[in-house]
Amino acid sequence: MLRRILTFVAFVALVAAVSALVYFNPTDASFRYARDTTITLPLGVLMLGAALAGMVAMFLLMLLREGRHAVHEWRVQRGIRSSERTATLRAEARNLSLAGDFARARTLFAKVRKMRDPDVADLIDYANTYALEGNAREAKRLLEHGQKDFGNDPLLLFELAKAARVAGDDAAAISALE
């Protein structure tokens, strides 16, 4: 109730101030907004119009600022949700790999690789599903293909050497370790 009374008092004071401004400034003033076009109004009305135009401009600028912050916050939240989904899928894929369900683990690792920029650890986990299943040649092929994308990453080279060794290609294992 007190808030409503204070709001009403503030509104009455504002109306009184505007009325006084217009009443005490009755002289005509000209406002030129184009080369050949002018408006002649009482000075108080022109001052109120200028104040309203300033308030509208400030409101629009504040709206733009808040909109920019809202878009930035939305992008951050979208990135967080995407990272959470990726982490959940990765953890589930690793659990499936440990449980011995390599085909489903590969499917989830493939989804992880599509959802965000590929990572060396994701590629190694994906290739390890083949190696754990007994298909070391496919793991070696995936790691060699990943070497084109990630270069000579030490983890990748170590896993490539392991896969080459299990596949029986000792020369490739030595080459990867060198």
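Lys-162 is partly exposed, with a relative accessible area of 40%; that label sits between buried (under 20% relative accessible area) and exposed (over 50%), judged with a 1.4 Å probe and protein chains only. Helices here are DSSP runs (H or I, at least four residues), numbered from the N terminus.

Keep in mind that this is a predicted model: local features need pLDDT of at least 70, side-chain atom pairs count only at pLDDT 80 or more, and totals for chains, interfaces and linings use all residues. Residues are numbered from 1 along each chain as its sequence is written, and side-chain values use heavy atoms, with hydrogens and water left out.

Why pair up at all? Side chains of opposite charge can pair when their charged atoms come close. The structure holds seven salt bridges. One of them joins Arg-94 and Asp-125, with the closest N and O atoms 2.7 Å apart. This pair links distant parts of the chain, 31 residues apart: Arg-94 is in helix α2 (residues 43–99) and Asp-125 in helix α4 (residues 120–133). Arg-94 is partly exposed at 36%, while Asp-125 is buried at 18%.

Then there's Asp-101, which forms a salt bridge with Arg-104 at 3.3 Å between the closest N and O atoms. Asp-101 is partly exposed at 25%, and Arg-104 is partly exposed at 47%.

Notes: Salt bridge = Lys/Arg side-chain N within 4 Å of Asp/Glu carboxyl O. Helix = DSSP H or I, 4+ residues; strand = E, 2+ residues; numbered from the N terminus.
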